[in-house]
Amino acid sequence: MDIERVRTFIAIELPDSVKVQIGNLEASLMKARADVKWVDPANMHITLKFLGEIALERVTVAQSGVRDALVGLRPFTLSLSQLGAFPDLDRPRVLWIGCSNGIDILLNLQEEIESCLIAQEFVREARPFSPHLTIGRIRSPKGLGTLTDIAKEMAFEVSDFRVEHVAVVKSQLKPGGPAYSVIERVALG
């Protein structure tokens, strides 16, 4: 008998108004005509912990761990700013927007979630947490010079937003891109 598995992650969702602003930023970057797989703004989120393909019964354990992690943590305001890339803007593979105001609280939130999930026998993330919002993945060098020139010169503003909950999310990989559905929203405070 096959065990049902669910591709799962823990994330901060973005308000629709912020998704629209990021969509406008992407539209400006698309003018470079670089070979980039752009993330649909509707799917944008800040991943706090990727659990991968886990057994269905482990999803409820993860939900419990997230609930435990958020006890006593209050809602906070987060800012998005600074366009960057992994490994860097001179050799980009992934384009991202970084987090600024509220980052200390965000780092604490992520560590609380990580600790509570480790206590539930989930594996600690191998890499240190780097809070960011992925907006695109580079597919080839085509147009890359123009894109990085635009990115380095670009100033942008994204509205601050209130983080009031953390989502446990199911991800289904489909030919047209991932489809996300929220399993549970766990409130802060």
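**View 1. Leucine 144 is buried, at 18% relative accessibility.** Buried here means under 20% relative accessible area, exposed over 50%, and partly exposed in between (1.4 Å probe, protein chains only). This is a predicted model, in which local features need pLDDT of at least 70 and side-chain atom pairs count only at pLDDT 80 or more, while totals for chains, interfaces and linings use all residues. Residues are numbered from 1 along each chain as its sequence is written, and side-chain values use heavy atoms, with hydrogens and water left out. Leucine 144 belongs to helix α4 (residues 144-153); helices (H or I, at least four residues) and strands (E, at least two) are DSSP runs, numbered from the N terminus. Apart from neighbours within four places in sequence, leucine 144 is in contact with Ala34, Pro92 and Ile138, contact meaning heavy atoms within 4.5 Å. Proline 92 is 52 residues from leucine 144 along the chain, and their C-alpha atoms are separated by 8.4 Å.

**View 2. Four strands form an open sheet in the order β2-β7-β6-β5.** The pairing is antiparallel; two strands pair if DSSP finds at least two bridges between them. β2 (36-38) and β5 (80-86) are the edge strands, each pairing on one side only. On average, neighbouring strands of the sheet are turned by 30 degrees against each other, direction ignored. Helix α1 (residues 16-30) packs on this sheet and touches β2, β5, β6 and β7 (132-138). The direction of α1 makes about 30 degrees with that of β7. Axes are lines fitted to C-alpha atoms, for helices over the stretch in contact, and angles run from 0 to 180 degrees between N-to-C directions.

**View 3. A cis peptide bond joins phenylalanine 86 and proline 87.** Its omega is about -5 degrees. Proline 87 sits in the loop between β5 and β6. Strand β6 (residues 94-99) pairs with β5 in the antiparallel sense over six bridges, and valine 94 in β6 is the bridge partner of phenylalanine 86.

**View 4. Arginine 33 and glutamine 82 have positive phi values.** Most residues other than glycine have a negative phi, and most peptide bonds are trans. Arginine 33, in the loop between α1 and β2, has a phi of about 55 degrees. Its relative accessible area is 66%, so arginine 33 is exposed. Glutamine 82 lies in strand β5, with phi near 70 degrees. At 52% relative accessible area, glutamine 82 is also exposed.

View 5. The buried residues of α3 are Leu106, Leu109, Gln110, Ile113, Glu114, Cys116 and Leu117. They pack against β1 (5-13), β3 (45-55), α2 (56-70), β4 (76-78), β6 and β9 (165-174). After α3 comes glutamate 121, with a positive phi near 70 degrees.

**View 6. The axes of α2 and α3 come within 8 Å and cross at roughly 135 degrees.** That makes α2 oblique to α3; angles under 35 degrees count as roughly parallel, over 145 as roughly antiparallel, 65 to 115 as roughly perpendicular and the rest as oblique. The contact involves Ala62, Gly65, Val66, Asp68, Ala69 and Leu70 of α2, together with Leu109, Glu112, Ile113, Cys116 and Leu117 of α3.
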